[in-house]
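Please prepare a short report on the local geometry and charge pairing of this model. Keep it plain and give the cut-offs for the terms used.

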Amino acid sequence: MTVTIYDVAREAGVSMATVSRVVNNNPNVKPATRKKVFEAIERLGYRPNAVARGLASKKTTTVGVVIPDISNAIFAEVARGIEDIANMYHYNIILCNADKKKDKEIRVINTLLEKQVDGLLFMGGAVTEEHLQAFRTANVPIVLCATSDDTNHIPSVDIDHEAAAYDAVMQLIGQGHKRIAMISGTLQDPSNGYARFQGYKRALEVAGITYDDALVRIGNYRYESGAEAMKYFIDQSVRPTAVFSATDEMAIGAIHCIQDSGLQVPSDISVISVDNSRMASMVRPQLTAVAQPMYDIGAVSMRLLTKLMKKENVEQSRVVLPHEIVVRQSVGGI
């Protein structure tokens with residue numbers, strides 16, 4: 001038989017209202033009474049019905065999180081930041097993987113909203129009109145995490161991806177490199193793709209280096225696409241002296257392709273990326289990368305969402321966190 005709040009009240013010799021106050025951490029309960037109720041709960045194995053509590057309070061203390069790729073260590077770090085702050089404010093997390101597919105993202109968003117989450121954190125690619133339509137049907141706060149929309153109408157937490165890419169390419173230019181290739185993400189992706197591509201082009205322009213289409217290949221963020229792009233560059237009659245990769249995983253694919261071709265990093269070709277995941281320090285030579293504060297992006301996103309859910313004052317709804325270059329051994333001068 002399911003143990004009810006009535007059973008606990010009878011076992012403890014108190015009213016159901018008193019049990020409810022204890023379960024909900026109401027301070028207006030005497031310590032002795034609280035102890036007696038907790039002992040009854042433990043003896044009976046009582047578990048509060050979250051659905052019933054949600055119906056009564058119109059709050060589920062649950063937040064939905066849409067993540068693009070749960071196997072990617074970068075997003076795992078964001079999720080950890082979200083989870084830590086959610087625990088601090090007594091929220092539970094429903095984490096949904098969307099595989100970087102728009103149709104699945106829309107479906108997952110609608111499913112989470114149907115489950116009556118109190119708020120939604122969205123990590124994904126381009127925020128399209130279809131996404132905005134799904135968001136407009138929500139009656140709960142939404143925060144974009146590690147992405148943003150073109151209109152800037154939806155609260156968001158991210159870095160400046162164009163500036164991050166610009167700084168990475170300028171690091172190569174500062175080492176004397178002029179023939180610099182890029183392994184980009186899809187240009188339909190506003191952050192890892194288009195913004196970082198724009199930062200690459202801006203750095204070349206500032207340095208007076210002519211942009212060359214032949215020095216740009218589009219990858220899919222995976223190791224294999226980085227290796228394939230690097231093979232294309234190596235096979236050119238005049239190969240690049242440096243490569244900027246939009247992500248660590250593609251950069252590591254590029255490093256291994258260089259090494260498999262009998263060349264050395266960085267003496268033959270330098271490599272730099274954006275992300276600074278744990279993999280950056282595991283590859284040899286260790287990868288120089290622009291560090292995104294991924295844990296902080298998740299933590300700040302969740303804290304912003306808690307403020308919105310609690311209707312607290314929010315001074316800044318679009319938060320841009322700082323990035324930095326972590327210099328290792330994959331970049332050398334010429």
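## Basis

This is a predicted model, in which local features need pLDDT of at least 70 and side-chain atom pairs count only at pLDDT 80 or more, while totals for chains, interfaces and linings use all residues. Residues are numbered from 1 along each chain as its sequence is written, and side-chain values use heavy atoms, with hydrogens and water left out.

Helices (H or I, at least four residues) and strands (E, at least two) are DSSP runs, numbered from the N terminus. Buried means under 20% relative accessible area, exposed over 50%, and partly exposed in between (1.4 Å probe, protein chains only).

## Packing of α1 and α2

Helix α1 (residues 5-12) packs against helix α2 (residues 16-23) with the axes 8 Å apart and at an angle of about 105 degrees. Axes are lines fitted to C-alpha atoms, for helices over the stretch in contact, and angles run from 0 to 180 degrees between N-to-C directions. The two helices, α1 and α2, are therefore roughly perpendicular (65 to 115 degrees; under 35 is roughly parallel, over 145 roughly antiparallel, and the rest oblique). On the α1 side the contact (heavy atoms within 4.5 Å) is made by Ile5, Tyr6, Val8 and Ala9, and on the α2 side by Met16, Val19 and Ser20.

## Salt bridges

The structure holds 12 salt bridges, each a side-chain nitrogen of Lys or Arg within 4 Å of a carboxyl oxygen of Asp or Glu. One of them joins glutamate 39 to lysine 35 at 2.5 Å, N to O. Both residues lie in helix α3 (residues 31-44), four residues apart, about one turn of the helix. Glutamate 39 is partly exposed at 33% relative accessibility, and lysine 35 is exposed at 51%. Aspartate 99 pairs with lysine 104, with the closest N and O atoms 2.8 Å apart; aspartate 99 is partly exposed at 35%, as is lysine 104 at 23%.

Arginine 196 and aspartate 275 form a salt bridge with closest N and O atoms 3.8 Å apart. Arginine 196 lies in helix α9 (residues 190-206) and aspartate 275 in strand β9 (residues 270-275), so the pair ties together parts that are 79 residues apart in sequence. Arginine 196 is buried at 0% relative accessible area, and aspartate 275 is buried at 7%. Salt bridges with shared partners also join Asp69, Arg222 and Glu249 into one network.

## Glutamate 105

Glutamate 105 sits in helix α6 (residues 102-114). Glutamate 105 is buried but has no salt bridge, and the nearest side chain of opposite charge, lysine 102, is 8.3 Å away.

The side chain of glutamate 105 does make a polar contact with that of histidine 131, at 2.7 Å. A polar contact is a pair of N or O atoms within 3.5 Å; within protein, one must be able to donate a hydrogen and the other to accept it, and residues adjacent in sequence count only if both atoms are side-chain atoms. Beyond neighbours within four places in sequence, the contacts of glutamate 105 are Ala98, Lys100, Phe122, Gly124, Gly125 and His131.

## Backbone features

Most residues other than glycine have a negative phi, and most peptide bonds are trans. The bond from valine 265 to proline 266 is cis, with omega near 5 degrees, and proline 266 lies in the loop between α11 (248-260) and β9. Lysine 100, in the loop between β2 (92-97) and α6, has a positive phi near 55 degrees.

Terms used
Lys, Arg positive; Asp, Glu negative; His and termini not counted.
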